[in-house]
Amino acid sequence: MGNDNHAMKKSILIFIPIGLLAVAILFIFDTRLWLSARDFIPHDYYFIAKLITNWGLSLFYAMFLALFGYSLIWKNSRLTRLCLAYLKAQLIVSFAAVRFLKIVLGRARPGHGAAFTFFSLNSDYNSFPSGHAADAWVSGVFLYYLLGQSKYTHYRFLPLIYAFLIAVSRVFVSAHYPSDVAAGMLIGILGAWFFVSRLSDDPH
């Protein structure tokens with residue numbers, strides 16, 4: 001487990017600058033990419049993007065609620081610790097940290113310009129970073145870790161694919177620019193890794 005954690009930390013150190021570079025590059029082309037994404041999905045299939053963006057996170061929540069209930073019924077302390085760590089990650093990372101950045105930076109959402117109105121409480125100017133993307137990737141990384149420790153390890157990438165679909169749906173429905181989503185994904189991944197790595201270090 002120690003070698004796994006060392007490899008994970010090394011991967012994260014490489015991932016951080018790459019992620020930040022991706023956010024910076026996307027920021028330059030944000031408006032052009034958003035306009036392309038907006039027109040990418042045919043009108044008859046637009047409801048799919050709306051469905052994913054509005055209800056996609058509910059599936060993640062239901063899964064973790066079921067896992068938490070299972071862990072309590074069967075007194076699985078390891079699974080209980082994972083579910084509690086997930087809850088802390090969501091509250092601290094996806095809610096508190098992301099909300100703080102949204103308000104402080106005050107970036108306008110698509111259709112409202114691309115300027116920054118610092119310290120804005122107006123939701124139309126709380127675009128950066130994407131809370132849905134952060135939330136989805138916290139959930140995805142936790143499930144990736146859980147499946148990787150189980151007999152279903154071959155399916156561990158499915159939660160990440162689903163998290164990606166939720167994240168990009170925010171661009172398709174014009175709720176966020178691509179860099180907002182990329183930043184949310186980066187925050188979600190790093191936040192989840194922070195808590196997951198501590199689960200890995202726990203010998204119990």
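**Entry 1: Leu26**

I began with Leu26, which is partly exposed with a relative accessible area of 25%, where buried means under 20% relative accessible area, exposed over 50% and partly exposed in between, with a 1.4 Å probe and protein chains only. This is a predicted model, in which local features need pLDDT of at least 70, side-chain atom pairs count only at pLDDT 80 or more, and totals for chains, interfaces and linings use all residues. I number residues from 1 along each chain as its sequence is written, and side-chain values use heavy atoms, with hydrogens and water left out.

I placed Leu26 in helix H1 (residues 2–28); helices (H or I, at least four residues) and strands (E, at least two) are DSSP runs, numbered from the N terminus. Leaving out residues up to four places away in sequence, I found that Leu26 touches Leu33, Pro178, Ser179 and Ala182, with contact meaning heavy atoms within 4.5 Å. I also looked up Leu26 and Tyr177, which are 151 residues apart in sequence but 8.6 Å apart in space, C-alpha to C-alpha.

**Entry 2: the whole chain**

I counted seven helices and zero strands in the chain, and the elements run α-α-α-α-α-α-α from the N terminus on. The radius of gyration is 18 Å, close to the 17 Å that the globule rule gives for 204 residues, so the chain is as compact as a globular protein of that length; the radius is taken over C-alpha atoms, and the rule is 2.2 Å times the number of residues to the power 0.38. Along the principal axes, the C-alpha atoms fill a box of roughly 50 × 35 × 30 Å.

I noted that buried residues make up 42% of the 204 residues, and that, of the contacts with a separation of 6 or more, 71% are between residues 24 or more positions apart.

**Entry 3: the nonpolar core**

I then looked up the largest nonpolar core, which has 32 residues, and those with the most contacts inside it are Phe60, Leu82, Ala136, Trp137, Val138 and Phe142. The elements that give two or more residues to this core are H3, helix H4 (77–105), helix H5 (131–148), helix H6 (158–172) and helix H7 (178–201), and the largest share, nine residues, comes from H5. Such a core is a set of buried Ala, Val, Leu, Ile, Met, Phe, Trp, Tyr and Cys residues joined through side-chain atoms within 4.5 Å.

For Trp137 I listed the residues it touches, not counting those up to four places away in sequence: Leu160, Ala163, Phe164, Ala167, Met185, Gly188, Ile189 and Ala192.

I found Ser71 in helix H3 (residues 46–73), where Ser71 counts as buried at 1% relative accessibility. Beyond residues up to four places away in sequence, Ser71 touches Asn76, Leu79 and Thr80.

I placed Lys75 in the loop between H3 and H4 and recorded it as exposed, with a relative accessible area of 73%. Phi of Lys75 is near 55°, a positive value in a residue other than glycine. Ser174, in the loop between H6 and H7, likewise has a positive phi, near 65°.
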